[in-house]
Amino acid sequence: NSAQQALLDTQTNLEQTQQELSDTQALLTSTQNDLERSQAAYTNLTQTLTFMENLQAIKYNVALSRIALLNEDKLSASQTLSLASDSFDLIKDQLDSQSADVIAERLSNAIRLSRSNIQSALEELRTLTENLERIPIE
């Protein structure tokens, strides 16, 4: 009788342990899924933040270029436009092709015009500023 009772107790303990293992495995799976979702959200947020930082750098350097040109400082304008162009290179693949092409063209025109025709360069930069403001942040 005591051997049968010990066997029943062991069987009950085994069933309880199997249920605990099953519950723990389900919790682990759920936690892993939560982790994967969190990692994906983090990656997306990081990419969005990097995009926004580079877009702000472009806007900032375009604004500095406009100020430099108003002061007829062609060297500073050229330097800040070069920085804007570098930042643009980091985000252009994330833009639709039409927007990327237009912004690239405007930057190129502004760089070229800033060396020879300040008023035309300022107009190009004004338009570029408007284009940059219309870029959607996702």
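Modeller: Buried residues, meaning those under 20% relative accessible area with a 1.4 Å probe and protein chains only (exposed is over 50%, partly exposed in between), make up 27% of the 138 residues in the protein. This is a predicted model, in which local features need pLDDT of at least 70 and side-chain atom pairs count only at pLDDT 80 or more, while totals for chains, interfaces and linings use all residues. Residues are numbered from 1 along each chain as its sequence is written, and side-chain values use heavy atoms, with hydrogens and water left out.

Colleague: How do you know what radius of gyration a compact globule of 138 residues would have, and what does the protein have?

Modeller: The radius is taken over C-alpha atoms, and the globule rule is 2.2 Å times the number of residues to the power 0.38. That rule gives a value near 14 Å, but the protein has 30 Å. Along its principal axes, the C-alpha trace spans about 105 × 25 × 15 Å.

Colleague: What makes up the pattern read along the sequence?

Modeller: The pattern is α-α-α-α, with four helices and zero strands in the protein. Helices (H or I, at least four residues) and strands (E, at least two) are DSSP runs, numbered from the N terminus.

Colleague: What makes the contact of H1 with H2 nonpolar, polar or charged?

Modeller: Contact means heavy atoms within 4.5 Å, and residues including Phe51, Leu55 and Ile58 in H1 meet residues of H2, among them Leu81, Ala84 and Phe88. The residues of this contact divide into 15 nonpolar, six polar and no charged, where Ala, Val, Leu, Ile, Met, Phe, Trp, Tyr, Cys and Pro count as nonpolar, Asp, Glu, Lys and Arg as charged, and the others, Gly among them, as polar.

Colleague: How do H2 and H3 cross?

Modeller: The axes of helix H2 (residues 74-91) and helix H3 (residues 97-114) come within 9 Å and cross at roughly 160 degrees, which makes H2 roughly antiparallel to H3.

Note on methods:
Axes are lines fitted to C-alpha atoms, for helices over the stretch in contact, and angles run from 0 to 180 degrees between N-to-C directions. Angles under 35 degrees count as roughly parallel, over 145 as roughly antiparallel, 65 to 115 as roughly perpendicular and the rest as oblique.
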